[in-house]
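Here's a quick tour of one protein model, written for someone who likes cut-offs spelled out. Have the viewer ready.

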Amino acid sequence: MSRLLVTGGAGFIGSNFVHYVLDNTEHSVTVLDKLTYAGNLASLEGLPADRFTFVEGDISDAALVDSLFADVDAVVHYAAESHNDNSLDDPRPFLDTNIIGTFTLLEAARKHNVRFHHISTDEVYGDLELDDPNRFTETTPYNPSSPYSSTKAGSDLLVRAWVRSFGVQATISNCSNNYGAYQHVEKFIPRQITNVLRGERPKLYGSGENVRDWIHANDHSSAVLTILDKGVIGETYLIGADGEKNNKEVVEMILVGLGQPADAYDHVVDRPGHDLRYAIDSTRLRTELGWEPQFSDFEAGLADTIAWYRDNESWWAPQKDATEARYKAQGQ
């Protein structure tokens, strides 16, 4: 698998994967990205020109996708509309990208018999009660609660159907919430960090009791490479790093990490249908494929992320004003 095509490689998780691959393997990488508001070419600066190629385009463009699949050994499909708030405001782009785009890629994988890995989310499983001792596993029934998670669930089912019906050489991974460098400031952790860096108070949905299972983007990247190398075709693997924290805890850690009082935040109106808790059981990935996370200390990983945003204001500042204006209009 020396030639990889990465869809959505100018986005947050995709760009981290591209950096990780080029830093830790001999693979070459072609990125296909539409450069929507969430894509940023600055996230791909400094990559080796002899092993990296960027193509601007839409994963729903069948002719373009076909031409790219003809020249690669494997495809890692990160491209997705992924922000819950946006899916509640306008669901259509989520259908276009997450369903039709994935279909287009699967048809190309079918034609060219290219190894295909599909990146998905733990949000397809719905949510858990705060006091539920269970965690999501590969056999947890799907129960999506938003246009975002429902379209990701639909894309997962398309992959499974193309494996079974057409013999596509595909695997799926469902990952918990990522954090790290290059994440758009609309997302929870970078929004709070950049608010504090600008002298503004962080914003906490509702009571802040909602729990997320955090994983550093580099650990997600290493897990995906492990699945590409060792994963069984047709199987699904859950990726998580045992990083459960509620949103209130995370905001307080960010404030303290930036030298502010732990309670210097504002409560804002909660998101409609806000899932209570996500929690991943990644036992299968660890025992069957031998993967282990390297960023097991969330506090240390968060401190590293805070430092990145402090040092890279030129990367996030152009996004910030428009993002906050949109949140303000929603009362958030």
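This is a predicted model: local features need pLDDT of at least 70, side-chain atom pairs count only at pLDDT 80 or more; totals for chains, interfaces and linings use all residues.

## Ground rules

Residues are numbered from 1 along each chain as its sequence is written, and side-chain values use heavy atoms, with hydrogens and water left out.

## The annotated domain

An unreviewed UniProt entry carries the annotation "domain: NAD(P)-binding" for residues 5–303; such annotations may be inferred rather than shown by experiment. Over residues 5–303, the chain is 39% helix and 17% strand, where helices (H or I, at least four residues) and strands (E, at least two) are DSSP runs numbered from the N terminus. The end C-alpha atoms of that range are 32 Å apart.

## Helices α6 and α8

Helix α6 (residues 188–197) packs on helix α8 (residues 247–257) at about 35°, with the axes 10 Å apart. Axes here are lines fitted to C-alpha atoms over the stretch in contact, and angles run from 0 to 180 degrees between N-to-C directions. The crossing is right-handed, meaning the near helix is turned clockwise from the far one by less than a right angle.

On the α6 side, the contact (heavy atoms within 4.5 Å) is made by F188, I189, Q192, I193 and V196, and on the α8 side by N247, V250, V251, I254 and L255. By class, that contact has eight nonpolar, two polar and no charged residues. Nonpolar covers Ala, Val, Leu, Ile, Met, Phe, Trp, Tyr, Cys and Pro; Asp, Glu, Lys and Arg are charged; the others, Gly among them, are polar.

## Aromatic rings

The structure holds 15 aromatic pairs. Rings of Phe, Tyr and Trp (its six-membered ring) pair if their centres lie within 6.5 Å; planes under 30 degrees apart are stacked, over 60 edge-to-face, and the rest tilted. Y125 and Y142 sit edge-to-face, 5.4 Å centre to centre with 85° between the planes. Both lie in the loop between β5 (115–121) and α5 (147–166), so the pair ties together parts 17 residues apart in sequence. Y125 is buried at 3% relative accessible area, while Y142 is partly exposed at 23% (buried is under 20%, exposed over 50%, partly exposed in between, with a 1.4 Å probe and protein chains only).

W162 and F166 are also edge-to-face, at 5.3 Å and 65°. Both lie in α5, four residues apart, about one turn of the helix. Ring pairs also link Y179, F188, W214 and F298 into a cluster.
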